[in-house]
Amino acid sequence: MKLTETLRRQLRVTVDYTNMTDKYLGDKGISKKALDAHKKLARAAHAYVAQNRGKDELFMGWTELPYNQAEIVNDIIATAKLVRRKFEHFVVLGIGGSALGPSMAFTALCHLHYNDLPKSKRRGPKFFVEDNVDPVRMKELLDVIDVTKTCFNVISKSGATSETMAQYLIISDLLTKAGVNIKENVIFTTDAARGNLVKISDELGGVKRYILPDGVGGRFSELSPVGLLPAAVLGIDIKALLKGAAYMDKLCKSADFRRNPALMCATLQYIAMQDGKNIGVLMPYSDNLRYVSDWYAQLWAESLGKNVTLDGQPCHVGQTPVKALGVTDQHSQVQLYTEGPYDKVVTFLSVGSYKEKTPIPHGCESIPDVSFLGGHTMEELIQAENKATAYALTKAGRLNYTINLPAVNEFTLGQLLYLFELQTAYAGAMFNIDTYNQPGVEAGKKATFALLGKPGYDLQKKDLNAAQPDPEYIV
Ligand code: PA5
């Protein structure tokens, strides 16, 4: 993608927050005065992020990913080329931050029926992200791939996540039984020192591996090799993705929230949360962007859902992310958003120009309910419905704002991801919490270890087994 300065400006992602304010929402909206009362807090959050960016010990290494990976990116591009040449299938084994990004980029930037396209029309092997341990799913994946012709990208920072490692054990066993040297068909993406995958790779005699930098947590890792390798295998322009992220970083340099889109989003969401808006709906008007909601849900929920401040004070903060898709969910959830409790902020992802327009032919001329559609395009229809839904919500006094993507491509997706990451970092700083830990996730992981008999978890196993369901409460 050749990104001239003019093209960058044309592809700039913007935030329209008119419908968060009192301009059309009246007393249901945020007034200038209320917004300005948060100027100081926003500046402090901005300063915190600016001062600590890149610090591995604070897990803020993600801020530098658009700038410090030139060598890795070239290596990834070369590896991806080999993978495309050699394999028919590419399977990501990972979960959470190790899977949501690859799925999201795949759906956003590839054909929506990519795996069904003939080989000549695909830019790479068929692509799967296996982020569950549903036994049926595993078995049925194996029905449609030939493991000997598949490259497995095992992504796990710790190399100790039960789901991913169970998948790895199954796959490595199958490869061995099929007479394949495991290391020929796997690529590891993991932590440099602590990850078990490093040990496994050494035992196998050197598996191709990529390092997830120390200061980059799972949910902030899409712009690291976690997301870049799968994307490159799919023929996605990963350099443009990183350039998009760097561009958004530049757009968010100001400490003034009126000149910093991520800081404005964080401040608006913070004000809304303080006012009991505990639900944040993300509603892309684009099938390509539908899994951005899944990726964002993890980022926002796992980062902000905390019970203690950095000063050790108890708190219970966070906002429950809800995934919706325009226009599909207009015919289900939007009724609730418009008339239900005043507990939500709706964020629309709107697209200025879709890669297809798809004209609607004239027809059914004797039925005005139908014929008015003829002569328009599906692009016009989806955009009109997006505008109409924002209008209806605003009329009903519901907080909503729109992130505008001029088009869906690598450069705009990179901007969007970085915007959300920065927004999350700012919001976490406003709440004065540890944005980057996830004790709640770790607790579930440890309980699983205990249940399945991992050494060192005997006490917890006893405790878990003692907590049997009480027949009195079973109906
Ligand atoms: O954001 C996170 O830290 C988690 O969602 C992890 O990505 C997830 O639990 C997988 O962990 P790992 O990469 O260690 O396998």
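In this tour, a contact means that heavy atoms lie within 4.5 Å of each other. This is a predicted model, in which local features need pLDDT of at least 70 and side-chain atom pairs count only at pLDDT 80 or more, while totals for chains, interfaces and linings use all residues. Residues are numbered from 1 along each chain as its sequence is written, and side-chain values use heavy atoms, with hydrogens and water left out.

**Stop 1: the two domains**

Colour domain 1 (5-54 + 240-431) and domain 2 (62-239) separately, as the domain assignment gives them; such bounds come from an automatic or database domain assignment. Their centres, taken over C-alpha atoms, are separated by 29 Å, and 33 residues of domain 1 are in contact with 28 residues of domain 2.

**Stop 2: the sheet**

Helices (H or I, at least four residues) and strands (E, at least two) are DSSP runs numbered from the N terminus, and two strands pair if DSSP finds at least two bridges between them. In what order do the 5 strands of the open sheet lie? The order is 3-2-4-5-6, with parallel pairing, and the edges are strand 3 (126-130) and strand 6 (208-212), each of which pairs on one side only.

Now select strand 2 (residues 89-93), which is joined to strand 3 by 5 bridges, and find Phe90 standing opposite Phe127 in strand 3. Strand 2 is also joined to strand 4 by 5 bridges, and there Val92 has Asn153 as its bridge partner. Moving on from strand 4 to strand 5, you meet 4 bridges, and Ile155 is partnered by Thr189.

Stay with strand 4, where 6 of its 6 residues are buried; buried means under 20% relative accessible area, exposed over 50%, and partly exposed in between (1.4 Å probe, protein chains only). Thr150, Phe152 and Val154 point one way, whereas Cys151, Asn153 and Ile155 point the other way. In a regular strand the side chains alternate between the two faces of the sheet.

**Stop 3: the nonpolar cores**

A nonpolar core is a set of buried Ala, Val, Leu, Ile, Met, Phe, Trp, Tyr and Cys residues joined through side-chain atoms within 4.5 Å. The largest one has 114 residues, and those with the most contacts inside it include Trp62, Val292 and Phe420. Helix 18 (residues 410-431) gives the most to this core, with 14 residues, and at least three residues come from each of domain 1 and domain 2.

Which residues does Val292 touch, leaving aside its neighbours within four places in sequence? Val292 is in contact with Met104, Leu282, Leu349, Leu413, Leu416 and Phe420. In soluble globular proteins, nonpolar side chains tend to be buried together.

**Stop 4: two single residues**

Select Ser293 in helix 14 (residues 292-304), which is buried with a relative accessible area of 2%. Not counting residues up to four places away in sequence, Ser293 touches Leu282, Pro284, Lys323 and Ala324.

Finally, go to Thr79 in helix 5 (residues 70-86), where the relative accessible area is 10%, so that Thr79 counts as buried. Leaving aside neighbours within four places in sequence, Thr79 is in contact with Ile187, Lys208, Tyr210 and Leu229.
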